[in-house]
Amino acid sequence: MLHLTAARAGSLLARRATAALATSSARMASHGHEVSETVDMSQPMYWDRLDTPLPDRPYKDMLTTADKSLKQKEKGPWNQLSKEEKIALYRLMFCQTYPEMKQPSHEWKTVIGGMLIFIGITGLVVIWQSHFVFPPRPRTFDEEWQAKQVKRMLDMKVNPIEGFATNWDYEKGQWK
């Protein structure tokens, strides 16, 4: 049997804490895979949203030489720009147009499919439980048993003043 002394447990925990606080390259090497880069949320970000028409920053930050010349051309009169140049300028600032953002996605199919799978698995679990987990239905739930029980209670005249025996006609032997 293995016994871990307090000193050995302490040294083990100290080694793990040191490894956890080591540089990121050591952590990546210990995990055996790359760790995704974190995003600085304090910096202005870009996203296409219908309720925010102007994002915090333009879509393209790094401009090519063609983009830079187009930006210089933008400072002049706009009636000299072609339609393609205007579209290219728009695409420098925004990724999608409003009609593109309003395009319906097919995500609802995935959601409905996941819900139906979940409901189906739940139904199978309920059926399995009714066959293998829950005990059989008691015989007192049978209609024949309940009819005999009512007859017995009427014969004993159980609660004849306020109970259901008040609705029984004892002379005729039927319900009033």
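Predicted model: local features only at pLDDT ≥ 70, side-chain atom pairs only at ≥ 80, totals over all residues.

Reply: Let's get our bearings before zooming in. Of its 176 residues, 9% count as buried. The chain exposes about 15600 Å², with carbon and sulfur atoms supplying 62% of that.

Now to your salt bridges: the structure holds 8 of them. Let's go through a few.

Start with Lys71 and Glu74, whose closest N and O atoms are 3.3 Å apart. Where do these two sit? They are 3 residues apart in helix H3, so about one helical turn separates them. How covered are they? Lys71 has a relative accessible area of 26%, so it is partly exposed. Glu74 comes out at 24%, which means that Glu74 is partly exposed too.

While we're in this helix, take a look at Asp67, which also belongs to helix H3 (residues 65-74). Asp67 has 12% relative accessibility, and buried means under 20%, so Asp67 counts as buried. Leaving aside neighbours within four places in sequence, Asp67 is in contact with Lys60 and Leu92.

Next up is the pair Arg91 and Glu100, whose side chains meet in a salt bridge at 2.8 Å, N to O. Arg91 is partly exposed because its relative accessible area is 30%. For Glu100 the value is 33%, so Glu100 is partly exposed as well.

Then jump along to helix H7 (residues 143-155), which holds both Asp155 and Lys151. They are 4 residues apart, about one turn of the helix, and their salt bridge has its closest N and O atoms 3.4 Å apart. Is each partner exposed or partly exposed? Asp155 has 53% relative accessibility, and the cut-off for exposed is over 50%, so Asp155 counts as exposed. Lys151, at 45%, counts as partly exposed.

Trp108, Val111, Ile112, Met115, Leu116, Phe118 and Ile119 form it, with about 760 Å² of accessible area together. Ile112, one of them, lies in helix H6 (residues 107-132), and its 38% relative accessibility is why it counts as partly exposed.

Conventions
Residues numbered from 1 in each chain as written. Heavy atoms only, no water. Buried < 20%, exposed > 50% of the residue type's maximum accessible area, 1.4 Å probe, protein only. Areas by Shrake-Rupley, 256 points an atom, 1.4 Å probe, with all protein chains shown as cover. Patch = residues over 30% accessible without salt bridge, like charges linked within 9 Å, V, L, I, M, F, W, Y side chains within 5 Å. Salt bridge = Lys/Arg side-chain N within 4 Å of Asp/Glu carboxyl O. Helix = DSSP H or I, 4+ residues; strand = E, 2+ residues; numbered from the N terminus. Contact = heavy atoms within 4.5 Å.
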